[in-house]
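Subject: Structure handover

Hello,

Here is the structure for your files. My notes on what was found follow below it.

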Amino acid sequence: MLIDTVWKPHSTEFIDNLEKEIDFSKIDFIVANHGEVDHSGSLPALMEKIPNTPIYCTANGVKSLTGQYHHPEWNYQVVKTGDSVDIGNGKKLVFVEMKMLHWPDSMATYLTGDNILFSNDAFGQHFAVEELFNDKADQCRLWEEALKYYANILTPFSLLVKKESGRNSGA
Ligand SMILES: [Fe+2]
Ligand SMILES: [Fe+2]
């Protein structure tokens, strides 16, 4: 399973690196949490390699991806809040729509068992480090970038952030 891709200018690097990590025939499905290019830009290059692979996304995600890449024949699997996919070892991916955080197609994906939230742009940053995990980054810069991103991208939707987190925690 693969969650999101990368910006199109990095497609070749992305495909090459991914191929070093995994045999493409072992990618059972792709989760597209968001249609914006920084998440989906390398999807066309990837789909050329694995054309029938299911892509899990929201109904608005299908609109966004089809509108940009013109591949209505891709194997879209439309999901909504609460839908899940069993990935074995007692673990599931649970999908949570986050409409307007910050686009109509936005969704988060939660991996049970390992308790990892693939939070999409809700906790996004315009920041990358060479290391794989964020705890290796300069924490001062990391939090500064997180604050900057939230202030610039999500502040207009703050009421929705509260609503979504309240709804999803059962409150
Ligand atoms: Fe976005
Ligand atoms: Fe983004």
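A residue counts as buried under 20% relative accessible area, as exposed over 50%, and as partly exposed in between, using a 1.4 Å probe and protein chains only. By that rule Tyr56, at 16% relative accessibility, is buried.

This is a predicted model, in which local features need pLDDT of at least 70 and side-chain atom pairs count only at pLDDT 80 or more, while totals for chains, interfaces and linings use all residues. Residues are numbered from 1 along each chain as its sequence is written, chains are lettered from A and ligands numbered from 1 in the order in which they are written, and side-chain values use heavy atoms, with hydrogens and water left out.

Iron sites

Donors are N, O and S atoms within 2.8 Å of the metal (3.2 Å for Na, K and Ca); water is not among the atoms, so sites may look incomplete.

Helices (H or I, at least four residues) and strands (E, at least two) are DSSP runs, numbered from the N terminus. His34 and Asp121 are both buried.

Asp121 bridges the iron ion (ligand 1) and the iron ion (ligand 2), which are 3.4 Å apart. Asp121 has a relative accessible area of 5%, whereas Asp38 is partly exposed at 39%.

Aromatic pairs

Rings of Phe, Tyr and Trp (its six-membered ring) pair if their centres lie within 6.5 Å; planes under 30 degrees apart count as stacked, over 60 as edge-to-face and the rest as tilted. There are four such pairs in the structure. In one of them, Phe29 and Tyr56 have ring centres 5.0 Å apart and planes at 70°, so the pair is edge-to-face. Phe29 sits in the loop between α1 (11-21) and β2, and Tyr56 in strand β3 (residues 55-57), 27 residues apart. Phe29 is buried, at 7%. Trp74 and Tyr76 make a tilted pair, 6.3 Å centre to centre with 55° between the planes. Phe29, Tyr56 and Phe95 are linked into a cluster by ring pairs.

Strands

Two strands pair if DSSP finds at least two bridges between them. Strand β6 (residues 91-97) runs antiparallel to β7, joined by five bridges, and Glu97 has Met107 as its bridge partner in β7. β7 and β8 are also antiparallel, over three bridges; the partner of Thr109 in β8 is Phe118. Four of the five residues of β7 (residues 107-111) are buried, so this strand is largely enclosed by the rest of the structure.

Regards
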